[in-house]
There are 2 protein chains.
Amino acid sequence: MTLPAPTAPSRDAVEPAASPKDVVISVDAMGGDSGPATVVAGLAEFLDKTPGARIVLHGRASELAPLIARRRIGDRVELMDAADVVAMSDKPSHVMRHGKDTSMWSAIETVREGRAQVCVSCGNTGALMAVAMIRLRKAEGVNRPAIACLWPSRNPTGFNVMLDVGADIRADEDDLLTFALMGASYARNGLGLERPRIGLLNVGVEDHKGRAELKVAGDLIARAAPLAEFDYVGFVEGGDIPSDRVDVIVTDGFTGNIALKTGEGTASLISEFLREAFRKTPLSRIAALLAMTSLTRLKKRIDPRRVNGGVFLGLNGTVVKSHGSADATGVAAALNLAYRLAKTGFSDKLAARVAAVGTLGHDSTETREAAVSGDVTG
Amino acid sequence: MTLPAPTAPSRDAVEPAASPKDVVISVDAMGGDSGPATVVAGLAEFLDKTPGARIVLHGRASELAPLIARRRIGDRVELMDAADVVAMSDKPSHVMRHGKDTSMWSAIETVREGRAQVCVSCGNTGALMAVAMIRLRKAEGVNRPAIACLWPSRNPTGFNVMLDVGADIRADEDDLLTFALMGASYARNGLGLERPRIGLLNVGVEDHKGRAELKVAGDLIARAAPLAEFDYVGFVEGGDIPSDRVDVIVTDGFTGNIALKTGEGTASLISEFLREAFRKTPLSRIAALLAMTSLTRLKKRIDPRRVNGGVFLGLNGTVVKSHGSADATGVAAALNLAYRLAKTGFSDKLAARVAAVGTLGHDSTETREAAVSGDVTG
């Protein structure tokens, strides 16, 4: 973090700016690898295509004001000055204790106050999760929040959901059940799937494979499936993550994070090899020119910028984490995802789902009936 | 498994067939997805290129004899009749109790008896590991054996080593240290790297990231590095698996198996998307023709058949597990890997490495000096 450099306006001085129909997105402008100019460029790209959205933008006002003026988006962007910035190397525990003046903290705070429906940041993931946890708090029935990502797949939507990809390094059977409920809700609201198919990541599809807690988690998820309106397909393997036999892949944050980065690493290795193969000879360079359209078509399907945005699930409020290295298009994609989720009232629907199924094991017949009736539709 | 159908010759009747200079490979002909004809075709391909190798082939003699005759490799292949076959669906525990008449058991037994230096099988991985464990036994100082795979990488050799990719579903800090020693020995003998760089797979490269046992394992591996003649590069992430900052990636068998299958799944998704992109329009089909050489060049670099062969490490004897779906080229690649490892006396070198470093913590100055002197060079 850098030294604070106090500037007006302060939080207290600012009036709520959103009209009731608009979706308001709270955006942390700082902390991305390529600086606030990229964030503001992405913002302009997004706002141009999304008339019903407004922004509360957090960061150093002296830096941000000219950027906003240049893009002519001042009428839809409210600036909140924050002197401090969370660096990528800052430890989450440090930010939790000393981060009150950072743009990240301010961006989360605006969601907590109900002045925005969703928060977007390109900053340090660990710090963002830590600040979100202490300020927004965990939703009822959630022990461990999770980060969900979208994965290019063979399904009609083009994507599968995987969680947890790194909120925490472990998850017990109850956490995995909660991940299944949250993942189903995310697939329903984010991908428009009415009845998502849930799979549990393991080292084999047979019942006897893997760790004992996975077997228990599988039983819990299977039992919750009819009430929570998803289908449980059983264990899935690493190779199934992009497959069309499943929509949501549930795993602990350690395994999920390694799978995510392994997939990204493999894709980037193949892209590199593909480029080298086409650069090798004069003839192959000509072939590359002719193949350009096809290669662009491929690139579009696996472009990580299209799937930019890890979503924090299980908090009282939705937080979208954009890749630290996102360019303007990537930032715009994350904003668009945040907008869609806010528009569906995702956060409340998810909380209702988890709370309903969570009480099923213990509570009265009324609760059960409420859960299976139309009361919970998120 | 199928019903036994007894045929001669029996084990006792067969004389050792190898000349002392030849490498003898014990091959399980059964259990692969495409049957013994594919294994024999791969065998012929391999023997044609490798004059110094002989084979002991296990399976139903009545099926195998005509295949061998047709390929005219009878002078270099000794047939061992085994009436029974391990099916892909057989549980390892079942094979351990009732598998004595299977070709897999017979293939391992030939290594145990010292009549072959290495075993190759396309069969059921779990059963193969179980039979290898009870017949060959774990090497001194090894608590958990591991399966090592080769991964296409940006390194000059074209490959990195990763282990464990599925021998067991867990590993504690001592197991991870053993994996580092075994992986270094494999990289030295299999890839010809004098001083391999070892990395420990984690969810971040910073010291404070990940599970507590990984921190301890990292300290153990760092301490063993100078004596075991490898470099420890610290934590690596999923994206580093194909990178050139590391040669050997150490992880537990649960995480490793999921990373391996995720990588394979991602590669196959991209290949599929690439084919679709080039099939889309008449123009793109013409472009594909012109790009053929470049695409073949790419395919060759990531062809899973080139890296066919998971190696079981930490047993008294080397076992190479070929992909169940391997074609003749894949089988030949696995045989070639087995041949190279047997040629270097890999199994004994690895055992010496593990034993030497394993005793360092407890034993006398002499042992330490033996370990750092030229006595152990594998």
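**Close-up views of a predicted two-chain model**

**Figure 1. Lining of the largest cavity.** The lining of the largest cavity consists of five nonpolar residues, four polar residues and no charged residue (nonpolar: Ala, Val, Leu, Ile, Met, Phe, Trp, Tyr, Cys and Pro; charged: Asp, Glu, Lys and Arg; polar: the others, Gly among them). This is a predicted model, in which local features need pLDDT of at least 70 and side-chain atom pairs pLDDT 80 or more, while totals for chains, interfaces and linings use all residues; side-chain values use heavy atoms, without hydrogens and water. Residues are numbered from 1 along each chain as its sequence is written, with chains lettered from A and ligands numbered from 1 in the order in which they are written. The cavity is lined by B:F312, B:L313, B:G314, B:L315, B:G317, B:T318, B:F346, B:S347 and B:L350. A cavity is a set of points on a 1 Å grid over the protein atoms alone where a 1.4 Å probe fits but cannot get out, and lining residues have an atom within 4 Å of a point.

Figure 2. In chain B, β10 (310–313) and α11 (346–360) each contribute at least two lining residues (DSSP runs numbered from the N terminus: helices H or I, at least four residues; strands E, at least two). The greatest contribution to the lining comes from α11(B), with three residues. Domain 1 (1–137 + 315–344) and domain 2 (140–305 + 346–378) of chain B each provide at least three residues of this lining, the bounds being taken from an automatic or database domain assignment. The space in the largest cavity is about 50 Å³, volume being that filled by probe spheres set on grid points joined across faces, edges and corners. The model has four cavities of 30 Å³ or more.

**Figure 3. Cis peptide bonds in the two chains.** In chain A, A:L163 and A:D164 are joined by a cis peptide bond with omega of about -5°. A:D164 belongs to the loop between β6 (159–163) and α6 (173–190) of chain A. In chain B, the bond between B:L163 and B:D164 is cis, with omega of about -5°, and B:D164 lies in the loop between β6 (159–163) and α6 (173–190) of chain B.

**Figure 4. Positive phi values outside glycine.** A:R72 is a residue other than glycine with a positive phi, near 55°. The loop between α2 (61–71) and β3 (77–81) of chain A contains A:R72, which is exposed at 73% relative accessibility (buried: under 20% relative accessible area; exposed: over 50%; partly exposed: in between; 1.4 Å probe, protein chains only). B:E229 is also other than glycine and has a positive phi near 55°. The position of B:E229 is in the loop between α7 (212–228) and β8 (231–236) of chain B; with a relative accessible area of 30%, B:E229 is partly exposed.

**Figure 5. Surroundings of A:T178.** Helix α6 of chain A carries A:T178, a residue that is buried at 10% relative accessibility. Beyond its neighbours within four places in sequence, A:T178 contacts A:G141, A:V142 and A:V354 (contact: heavy atoms within 4.5 Å). Chain A as a whole has 12 helices and 11 strands, and 57% of its 378 residues are buried. Of the contacts in chain A with a separation of 6 or more, 72% join residues 24 or more positions apart.

**Figure 6. Relation between the copies.** Chain A is superposed on chain B by a rotation of 180° with 0.0 Å of shift along its axis, at an RMSD of 0.0 Å (least squares on the C-alpha atoms of residues with pLDDT of at least 70 in both). This is the relation of a two-fold axis. The copies meet through the same surface, because 100% of the interface residues of chain A are also interface residues in chain B.

Key
1 Å grid on protein atoms, 1.4 Å probe; cavity = no way out; pocket = protein on both sides within 12 Å on 5 of 7 lines; lining within 4 Å.
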